Structures are given as structure tokens and as C-alpha cells.
Amino acid sequence: MVAPVAVAAQNADLAGARCESATPGVFCRCRGPGDPGEDPAPAPGHKRFEMRMSAAGGRLTVQSDVLGRFEVQGEQTRCLYVDMLAGARTRMRVEAVANNPTQGVSPEFALAEYGPSGPYWYNILAVQCRGQYGPCDRGGADAWQASLAGRRRGRMDPCGSSVVKALAWDTSNSESSRDGAFFHDFAVSFDLEIKTFETRFAPGSTECVPK
């Protein structure tokens with residue numbers, strides 16, 4: 001029996017019009033190019049975040065001590081939108097597990113922050129592990145880690161207000177680590193710190209880069 005694609009959400013309120021029909025078994029509608037600003041907008045003192053998630057060949061779980069737990073299965077990209085208090089901090093763990101260890105898993109996770117002034121969306125963190133043959137392996141993990149070198153002050157986009165700290169990844173091992181085979185699982189943990197200042201500039205603007 002194939003497990004259904006589903007999300008489990010605990011202690012979290014889904015936010016915005018894209019999530020109006022979302023339930024513990026139904027995801028929010030994913031944001032598309034040219035979408036208008038968030039309506040309704042986040043409440044005063046709150047900021048809105050987008051999570052895009054998929055796990056070809058397995059399942060992906062997102063655990064937060066503030067937002068709760070979310071889980072997706074399969075390669076189709078699923079989206080969730082949540083609001084958090086400005087000034088809050090949460091510990092997050094993103095973990096992908098293969099349905100079949102010998103076939104591996106290809107996790108995708110992207111976290112973005114909404115900026116009402118544009119409106120804009122600022123990339124906070126993207127997690128991707130794809131090896132030479134598709135599923136996650138040591139080479140894919142190393143390539144993802146190398147892709148983070150361009151971050152500034154804990155941000156993928158210097159104009160955003162959310163900072164990623166204590167970023168690390170781990171795995172329980174591969175089917176045959178000597179041969180560089182697929183990882184059984186791949187997990188990334190980090191602290192997300194939400195600054196209180198309001199975002200102003202378009203993503204990637206030079207005004208946000210420290211001189």
C-alpha cells in the first residue's frame with residue numbers, strides 16, 4: 001500500500017488566502033510568478049513564511065519547537081504558509097528518509113520570508129541534496145554545503161530580515177559508504193532568528209550589502 005501524500009501540522013496556524021482550504025490532509029496553494037501581495041496580510045508584529053517541500057523516493061519532515069511538525073511524501077512540491085512573531089527564534093530540523101534505502105531519497109526544502117513593501121519574497125534557506133545519480137549521497141551533500149558559501153550575515157538574501165544560525169547536516173550513513181552509495185537519510189538543523197525590523201528593498205538590492 002502506498003502511503004498518501006499528507007501533512008501533519010501540530011501547534012501551528014496556516015496563514016493567508018492560499019491556505020483557506022488547507023487541512024491536516026490538504027496543503028496550501030503554492031505561490032506562483034506574479035502572484036499579488038498576501039491578502040490578508042500578516043497581523044501587526046508578525047511575519048509570514050513560505051515552506052516548499054518534497055522528497056522524491058521518501059518522506060520529508062520539518063520539526064520546529066515553535067511551529068510544530070510537518071510531513072510530506074513524494075516528489076510533488078507542496079507548500080505551507082505560516083506566521084511567526086517578529087523577534088522570535090525557533091530551532092528547526094529538516095529530515096528526509098528514503099522509502100527504500102537502496103534507492104535513496106532526493107530532498108527539497110525552501111524557506112522564504114514575505115516582504116509587504118514590494119511585495120517581495122526573500123529566500124532564507126534552500127536545502128537540496130542530489131548526487132551524481134539523482135538521490136542524495138556524500139557528493140550531493142558536499143555540493144549543497146558548498147552552495148551556501150555566498151550567504152551574508154546568515155542570509156541567502158541580504159535584504160531579508162531572517163537569519164539562519166548553527167546550520168549543520170547529518171546522516172545515519174549510506175548503503176555502502178565506501179562506494180559512495182545513496183544516503184538512507186539526510187537531515188539539516190538550524191536556528192531561525194526573525195529580526196524585528198521591516199524589510200524595505202527588493203531582493204538582492206545593493207543597499208542591503210554592508211559596505
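Q: What is the mean pLDDT of the chain, and what share of its residues reach 70 or more?
A: The mean pLDDT is 85, and 87% of the residues reach 70 or more. Here pLDDT is the predictor's confidence in each residue, from 0 to 100. This is a predicted model, in which local features need pLDDT of at least 70 and side-chain atom pairs count only at pLDDT 80 or more, while totals for chains, interfaces and linings use all residues. Residues are numbered from 1 along each chain as its sequence is written, and side-chain values use heavy atoms, with hydrogens and water left out.

Q: Where is the pLDDT below 50?
A: Residues 1-11 have a pLDDT below 50. Beyond near neighbours in sequence, this stretch has 28 contacts in the model, a contact being heavy atoms within 4.5 Å.

Q: And which elements have the lowest and highest confidence?
A: Confidence is lowest in β2, with a mean of 91, and highest in β4, at 96.

Q: How many helices and strands does the chain have?
A: The chain has one helix and seven strands. Helices (H or I, at least four residues) and strands (E, at least two) are DSSP runs, numbered from the N terminus. The order from the N terminus on is β-β-β-β-β-α-β-β.

Q: Which way do β1 and β2 run, and how many bridges join them?
A: They run antiparallel and are joined by 15 bridges. Two strands count as paired if DSSP finds at least two bridges between them.

Q: How many residues lie between β1 and β2?
A: Three residues lie between them, and the two strands form a hairpin. Ser64 has Gly68 in β2 as its bridge partner.

Q: What about β1 with β4, and how many bridges are there?
A: β1 and β4 pair in the antiparallel sense over eight bridges. Met51 has Leu111 in β4 as its bridge partner.

Q: How many bridges join β1 to β3?
A: Seven bridges join these antiparallel strands.

Q: Changing topic: which residues touch the most other members of the largest nonpolar core?
A: They are Met51, Val62, Phe109, Phe186 and Phe190, in a core of 44 residues. A nonpolar core is a set of buried Ala, Val, Leu, Ile, Met, Phe, Trp, Tyr and Cys residues joined through side-chain atoms within 4.5 Å. Buried means under 20% relative accessible area, exposed over 50%, and partly exposed in between (1.4 Å probe, protein chains only).

Q: Which element gives the largest share of this core?
A: The largest share, seven residues, comes from β2.

Q: What does Phe109 touch?
A: Leaving out residues up to four places away in sequence, Phe109 touches Met51, Arg52, Met53, Val62, Val94, Leu125, Ala126, Val127 and Phe190.

Q: How much of the chain counts as buried?
A: Of its 211 residues, 44% count as buried. The accessible surface comes to about 10500 Å², of which 50% belongs to carbon and sulfur atoms; such areas come from the Shrake-Rupley method with a 1.4 Å probe, and for residues only the protein chains shown count as cover.

Q: Now the cysteines: how many disulfides does the structure hold?
A: The structure holds four disulfides. A disulfide is a pair of cysteine sulfur atoms within 2.5 Å. With the bonded cysteines numbered in sequence order, the pairing is 1-2, 3-4, 5-6, 7-8.

Q: How far apart are the sulfur atoms of Cys19 and Cys28?
A: They are 2.0 Å apart. The link of Cys19 and Cys28 is right-handed, with 105° about the S-S bond, and both residues are buried.

Q: Which residue does a disulfide join to Cys30?
A: Cys30 is joined to Cys79, with S to S 2.0 Å. Cys30 lies in the segment before β1 (46-64) and Cys79 in strand β2 (residues 68-85), so the pair ties together parts that are 49 residues apart in sequence.

Q: Why does Cys30 count as partly exposed?
A: Cys30 counts as partly exposed because its relative accessibility is 27%. Cys79, at 0%, counts as buried.

Q: And what is Cys159 joined to?
A: Cys159 is joined by a disulfide to Cys208, with S to S 2.0 Å. The torsion about the S-S bond of this pair is about 100°, so the disulfide is right-handed.

Q: Buried or exposed, what is Cys159?
A: Cys159 is buried, with a relative accessible area of 4%, and Cys208 also counts as buried, at 12% relative accessibility.
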